[in-house]
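The following note was prepared for a colleague who asked for comments on the structure shown below. The points are numbered and may be read separately.

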Amino acid sequence: MRSAFATVPFYRERWALDGRTDPVLVPGRTGTDSGAAPLAEAVHKIVDLVPLAGGTQRIESNRGLGPVLRKARSVTGDALVVVLGDERTRPPSDLPRGVRCCVVDPDAPAPGVLAELASALRGGHRVVAVGDDKQLAIFAAALPEDRAYRVESVPRRELDTLDTGPYGVLHDPALGYLGAIEACGRWHLDWPRVYARPTSGGLAFTLLRQDSPRFVDVLPAGGVRGEIAPCPRHGTPVVLT
């Protein structure tokens, strides 16, 4: 937060108006939602999320997929990950070494890609598909019936649509992947890369390893009430909504 206050225009202006200096609250001025900002407002002013020293404005919607897939489905080795999305979807850059990836538009899948997927399944390779419920259903229907059942589906969930799994990854279109359901059945935060805290406006998230655009203490999904608590089994942070 100190770095963002010093170098990112969006936070310099907002926190100063809320009464923050370096970035401690000025006595008597508590700011809005404990200093957290709506994510939609931050994205609307994305040019101001770039540090003064420069950086990209490009939002990486698949940021963090590799780490959360390791939690959700232990994806390693020579698995093939299918990211479901449209032509604007960029493949993730943080999948484990050896894991292959392709982006498929389930509404208009390329015949060559479907043939490659069918071949991978026929050869006994592991195929993991990541998308929302509708995308996963359309994708499964496009595959040969005798192969589709072998695709491991991992549903994407946003903060305001969390369920009980048994599988799933926590995603936001701007922040990327934030966590996943682990074997204990709880929604684990990707805590080495993501920090979250409860505020009066809902759960606020910070990306710890992304320099630009910088997302610090932002409220996704319009603000969702919840808690961050230690997992009774693993001791690491879980998201409760």
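This is a predicted model: local features need pLDDT of at least 70, side-chain atom pairs count only at pLDDT 80 or more; totals for chains, interfaces and linings use all residues.

1. Does cysteine 184 count as buried or exposed? At a relative accessibility of 13%, cysteine 184 counts as buried, because the cut-off for that class is under 20%.

2. The structure holds zero disulfides. Cysteine 102 takes part in none, and the nearest cysteine sulfur to it, that of cysteine 101, lies 6.2 Å away. Cysteine 102 is itself buried, with 18% relative accessible area. For cysteine 184, the closest cysteine sulfur belongs to cysteine 231; the separation of 3.8 Å is too far for a bond, since a disulfide requires sulfur atoms within 2.5 Å.

3. Helix α6 spans residues 133–142, and its buried residues are Gln135, Leu136 and Phe139. Viewed down the helix axis, these buried residues fall within an arc of 95 degrees and therefore line one face of α6. An α-helix has 3.6 residues a turn, so residues three or four places apart point the same way. On the face turned away from the buried side, α6 carries the exposed residues Lys134 and Ala141.

4. What do the buried residues of α6 pack against? Their partners are the strands β4 (80–84), β5 (100–104), β6 (127–131) and β7 (152–157), together with helix α5 (111–122).

5. Leaving aside residues up to four places away in sequence, aspartate 190 touches Pro67, Val68, Lys71, Leu178 and Gly179.

6. Not counting residues up to four places away in sequence, proline 38 touches Arg14 and Leu219. The C-alpha atom of proline 38 is separated by 40 Å from that of leucine 143, which is 105 residues away along the chain.

7. Phenylalanine 10 is buried at a relative accessible area of 4%, and tyrosine 11 counts as buried at 0% relative accessibility.

8. Arginine 73 lies over the face of tyrosine 167, at 3.7 Å from the ring centre.

9. How do strands β14 and β15 pair? Strand β14 (residues 227–230) and strand β15 (residues 237–240) run in the antiparallel sense, paired over four bridges. Within this pairing, isoleucine 228 has valine 239 of β15 as its bridge partner. The hairpin of β14 and β15 has six residues between the strands, and glycine 235 in this hairpin takes a positive phi near 80 degrees.

Conventions:
Residues are numbered from 1 along each chain as its sequence is written. Side-chain values use heavy atoms; hydrogens and water are left out. Contact means heavy atoms within 4.5 Å. Buried means under 20% relative accessible area, exposed over 50%, partly exposed in between (1.4 Å probe, protein chains only). A charge sits over a ring if NZ of Lys or CZ of Arg is within 6 Å of the ring centre and within 35 degrees of the ring normal. Two strands pair if DSSP finds at least two bridges between them. Helices (H or I, at least four residues) and strands (E, at least two) are DSSP runs, numbered from the N terminus. The arc is that of the directions from the helix axis to the C-beta atoms.
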